[in-house]
Amino acid sequence: MKNKNLLQDRLYINTGNGSFTYSEYDLPDMQSSNSCVSTADIDNDGDLDLFVGGLIIPGSYPIAPRSYVLRNDSLGKFTDITSDICKDLLNPGLVSDAIFTDLNQDFKPDLVIVGEWMKITIFLNKDDHFIESENNGLEHSKGWWNTVSAYDYDGDGDIDLAAGNMGINNSFNASSKQPVRLFYGDFDNNGKIDPIMTYVIDGVRSMAFSRDELIAQVNPFGSNFPDYDSFAKIQEKDLFSILNIAKYDSLIAESFQSSVFLNDGNGRFTIIPMPVEAQFSPVYSIHTMDINNDDYPDLVLGGNQSNTRVSTGKFDALYGLILIGKGDGYFTTLDPVISGIKVIGDMRSIIEIKNPFGDFLLFTLNNGRPVIYKKSL
């Protein structure tokens, strides 16, 4: 891979006077395309350790790259302890976001990971190691998750979760019985990974993309499907026998709904889909705050994805959405006319700013300028 060193993460130390200094040698070698960094004192020594989530291997999607647990040894120098603390965290999947939070009220930071083709994955902090939580009600939550947030949304004293997914305003309907499926392998023997996605239309599992798109990915398809009529008749179950493909891997997505996950305090979660307006586009950012001063947590959502295939169109129907919490983990949509928020573009983070001049919400946009709203309630 050309310019591989450009994938190395960078650490900047705050000098305390409003500037940062590049710390070139304090991170281990991390030659991977990473998506997120989450911080917590996982070894209880008084400083912050890191989880760094790996998202993709350029040119090899959907093979997952490495992720990292980094121990802060002293003065900001980090050591890779992933293998020692939890081997499952070496390759948990295509990680989009992660957050440390105490889910079982033992005063130790647990780790929640979300990502593409992943379920909501929880690693509990047990005796200085992380162990993946099982039988927790999240077994069928595999989706295209983008972001995760933690808060006590139902007011029962433990931490719940909220996560942003693909949304359902698209043709790729997904469920546990009829998941979207991604097959991948080197189907044309050119040394590169070829992903092929299928989904169910009217009870028939079919190709997610057009004949031209598939031929562009795997050129030999052209001789197997010489015209659009022959391609239109192909189903997933026939594809690999026709192409004489015996070796491949697969991933599935079972849900595209952005949702809240209520913690019962005993290690199990109940999945509550967010209101339909939250499903209009992919959600990439969730911020929790009390919008209407009723002492119940509300949600501010941002998202959209404009960098898409022509065949799917843009997913850009979200303009910054406020969901009003009822204190029980359920939410209703605040009319945009009342909220006053209308952000155009691909929102990627939401930051609340409080200062003597008031409370502000800052929306950052991909390839766009930040947008700021002042709270008037």
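**Close-up views of a predicted model**

View 1. Strand β15 (residues 194–201) pairs with β16 in the antiparallel sense over four bridges, and I201 stands opposite V204 in β16. Strands here are DSSP runs of E with at least two residues, helices are runs of H or I with at least four, and both are numbered from the N terminus; two strands pair if DSSP finds at least two bridges between them.

This is a predicted model, in which local features need pLDDT of at least 70 and side-chain atom pairs count only at pLDDT 80 or more, while totals for chains, interfaces and linings use all residues. Residues are numbered from 1 along each chain as its sequence is written, and side-chain values use heavy atoms, with hydrogens and water left out.

**View 2. Strand β21 (residues 298–303) is largely enclosed by the rest of the structure, because six of its six residues are buried.** Buried means under 20% relative accessible area, exposed means over 50%, and partly exposed lies in between (1.4 Å probe, protein chains only). D298, V300 and G302 point one way from β21, whereas L299, L301 and G303 point the other way. In a regular strand the side chains alternate between the two faces of the sheet. Strand β20 (residues 283–289) runs antiparallel to β21 and is joined to it by six bridges, with V283 standing opposite G303 in β21. Strand β22 (residues 321–325) is also antiparallel to β21, through three bridges, and here L301 stands opposite L321 in β22.

**View 3. R211, which lies in helix α2 (residues 211–217), reaches with its side chain the backbone oxygen of F225 at 2.7 Å.** The residue R211 is buried, with a relative accessible area of 14%.

**View 4. Y22, whose place is in strand β2 (residues 20–23), is partly exposed.** Its relative accessible area is 33%.

Methods
A polar contact is a pair of N or O atoms within 3.5 Å; within protein, one must be able to donate a hydrogen and the other to accept it, and residues adjacent in sequence count only if both atoms are side-chain atoms.
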